[in-house]
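Please load the coordinates in your viewer and keep the selection panel at hand. The stops below say what to pick next and what is found there.

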Amino acid sequence: MIELKELTKRYEDGVLALDHVSYTVQPGEIFCLLGANGAGKTTTINILLDFIPPTSGSAFINGHDCNRFPLQAKKYVSYVSENVQLYGMFTARQNLAFFAELAGKKGLKKKDYDNVMRTVGLPERALKMRLKHFSKGMRQKLGIAIALLKDPPAILMDEPTSGLDPTSAQEFLDQLRKLRERGKAILITTHDIFRAKMIADRVGIMKQGRLVAIRKREDFKHADLEAIYMHEMEAAEAVA
Amino acid sequence: MLGTLVKKEITETILDMRFWIVTVLFLVLIPLGMYVSRKDYERRLANYQQEHQMYREHYGKDVGPFVEAQGFRPPPLLSIFALGLDPFMPDKAITSSSGLVRAAKEPGIDNPESLLFGKADYLFNVSFIVSLAALIFTFNRISGERERGTLRLIISGSVRRGEILLAKIVGNYIVLLVPFVIALLAALIILNTSADIPVWSSTLWGTLVAIILITLLFILAMVSLGICVSTLTHGSMASIMMLFLVWVMAVLGIPKMSPMIAEAVYPIESRNVVDLAARIAREDIEVEFNKKREELFEKCCTEFGTTWEDIAVEPRTDAEKQAYAKYDREVLALDSECQKRVANAIRKLEQDYRNRRNVQASLAVNLSRISPVSCCTYLVSGLCGTGPAEPDRFIRNAERYQEQVKAAIYDNWVVKIYRMGEPLPNIRVQQTEGFDQSKASIPEMKYEYTPIAEVLRTGWVDILLLFTFNVLFFAVAFWRFNKYDVR
């Protein structure tokens, strides 16, 4: 569903952000990309959303090349950023309606909005609240609500739990599980090894643009993921 | 998709404090400016009517051969919208029997402060306030959304960047037009309360529609410019700096600097110098021909055995009558040649001056056309009869009036100069046959301002440029936004 083939990105200043990265995220799978700052996690998402072009290689969403046919590819993906920023002067409902209409979902009824708010754990009365009064956790949930309204087969999340309090983060993970059950292919970039271990079906470990390891859930379910991560990083360092 | 984006832009702008500040500003300044301009026009009209009437009453029957008839220029009705060059335009044309017409401007300024600071008329409000509002509305529509992170979210969807850009222009344009149109309607209602101003008359309506259409085109150009500025920066602070730079250059820098640059690059002498040169040329020719007339008269007198120094104004003896008769026949050729040479000399000086003035003016106008504010100003002031074409228009009106007075008065007098020098000038003045001085009166000057069709015909460059600015700003914004880093 989300597929990267030998994806490479070298910026104008010469920095190699991605170095021949290949992997696939299947429907009903949560794939967490782990790595230090500058490892290339966000660059991957930026290429998938056509914010920047790849230097070589390809990225696909639902079989559509993200660089050659970005509008087609983006029909099948939703994006939840590290810090969901919506229109502060709009109410939650106005924000939902706008992004739903952009995704082609017109004429949604009140019950549709109520349902999605319930699903993400936001009170229905929040629909009438202006976004500027929302906490970060509420905004993140609303970001998921927008993704749910679009109902695409793939979801990209860039550091989605960053800055969330433990309760909000836990609620967020619950939402992710529900999305996985609905067959979504979810790619998450994160520094949060603790929560990656809780939610991921597979983790990819990145270092300086290279995907140095992919571990399945059974590899880290009963192990220390942080230790695995450190081991892979050191191994990659030694190879380099 | 476009509809959704436009709707969002409209909602977002209406919820923004900027919209309400601009609305209050428009609702106060545009109707107030119109009210003050209306009062100013009524005062100028009353002054014109009073001066005109007093002149007709006291001097209207003065139709002597050397009368200096005065033709009055009424204040243009639409100067309420754009005062333009009106305060600097001559108020009247004064004719002369020599064939030269001169312009006169009353030096009295009733309210000098208003000229010192400029009038807050419709054109001022559009070119300064509305243009600034258009830029304030739009300067960070792209960069601000990028800063807030909402642009990433929109572009992560299946939305064309061109659509986002177009929606921003359309949405902000519509929102800006709402307070503008309300303020304009209020201003027109205020205008309509004056008995002197037939706002809804068919003659005025066409010009008003043209002014409003040009204004709408100008506002669209400024909105597009604001969006274009927004795509050139990646943050609101940088956008604000760019906004001030662009506004100052477009509204103040380019229009004000262009005439000064033109004067420096292509200097010409002043109008006063040209007028003085024309007067000197005329006097030199007249002195030369007066001498020739005296020689001719002396020759005629000698031929019939009389002495020219002794002849009084009226001939007495047969010899004197014969000398006069011969002189009257032969002097016609001299008079005609004198007039021709005076006219040619003045025409040449005038033409030279106008050619050089036109080069300088073209340079200034074309330089200033880099800014859409200049294009709008030329068109609107032209339609209001206060534009840069009006000084030439005044000269044409004055020359036509000179011809009118010549036909009505000067041509009905025959002035014969026999001797200009000592001991006394010998000049004979006669009325032509059929001319009744008691029934004659000084003709009225029928002043014609540039018609709307001519303004639009000569202003096609400015109309085309306003369209071009719209396309250009959108094209630059489109090009920039397609490469815009939304991260």
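Begin with chain B of this predicted model by selecting H12(B) and H15(B), where H12(B) passes H15(B) in a left-handed crossing; a crossing is called left-handed if the near helix is turned anticlockwise from the far one by less than a right angle, and right-handed if clockwise. H12(B) covers residues 372–383 and H15(B) covers residues 460–482, and the two pack at an angle of about 150 degrees with their axes 9 Å apart. Axes here are lines fitted to C-alpha atoms, for helices over the stretch in contact, and angles run from 0 to 180 degrees between N-to-C directions. Helices (H or I, at least four residues) and strands (E, at least two) are DSSP runs, numbered from the N terminus.

Now show side chains at this crossing: Pro372(B), Cys375(B), Cys376(B), Tyr378(B) and Leu379(B) in H12(B) meet Asp462(B), Ile463(B), Leu465(B), Leu466(B) and Phe469(B) in H15(B). Two residues are in contact if their C-beta atoms, placed from the backbone, lie within 7 Å. Sorted by class, the contact of H12(B) with H15(B) holds nine nonpolar, no polar and one charged residues, where Ala, Val, Leu, Ile, Met, Phe, Trp, Tyr, Cys and Pro count as nonpolar, Asp, Glu, Lys and Arg as charged, and the others, Gly among them, as polar.

Before moving on, a note on conventions: residues are numbered from 1 along each chain as its sequence is written, while chains are lettered from A and ligands numbered from 1 in the order in which they are written. Since the model is predicted, local features need pLDDT of at least 70 and side-chain atom pairs count only at pLDDT 80 or more, whereas totals for chains, interfaces and linings use all residues.

Next select H4(B), residues 122–138, together with H8(B), residues 202–232, whose axes come within 8 Å and cross at roughly 35 degrees. H4(B) passes H8(B) in a right-handed crossing. Residues making this contact include Val126(B), Val130(B) and Ala134(B) of H4(B), and Phe218(B), Ile219(B) and Met222(B) of H8(B). The contact of H4(B) with H8(B) has eleven nonpolar, five polar and no charged residues.

Then select Ile240(B), which lies in helix H9 (residues 236–265) of chain B. Is Ile240(B) buried or partly exposed? Ile240(B) is partly exposed, because 16 other C-beta atoms lie within 10 Å; a residue is buried if 20 or more other C-beta atoms lie within 10 Å of its own, exposed if 12 or fewer, and partly exposed in between, with C-beta atoms placed from the backbone.

Zoom out to chain B as a whole, with its 15 helices and five strands. Of the 487 residues of chain B, 37% count as buried.

Bring in chain A, where the contact takes 19 residues from chain B and 18 residues from chain A. On the side of chain B that touches chain A, the elements giving two or more residues are helix H1 (2–14) and helix H6 (150–155) of chain B. By class, that side of chain B has six nonpolar, seven polar and six charged residues.

Chain A has nine helices and ten strands, and 46% of its 240 residues count as buried. Its radius of gyration of 18 Å agrees with the value near 18 Å for a compact globule of 240 residues.

Within chain A, select Asp50(A), which has a positive phi of about 65 degrees although it is not a glycine. Most residues other than glycine have a negative phi. Asp50(A) lies in the loop between helix H1 (41–48) and strand E4 (56–61) of chain A and is buried, with 21 other C-beta atoms within 10 Å. Gln208(A), in the loop between strand E9 (202–207) and strand E10 (210–216) of chain A, also has a positive phi, of about 45 degrees.

How values were computed: The radius of gyration is taken over C-alpha atoms; the globule rule is 2.2 Å times the number of residues to the power 0.38.
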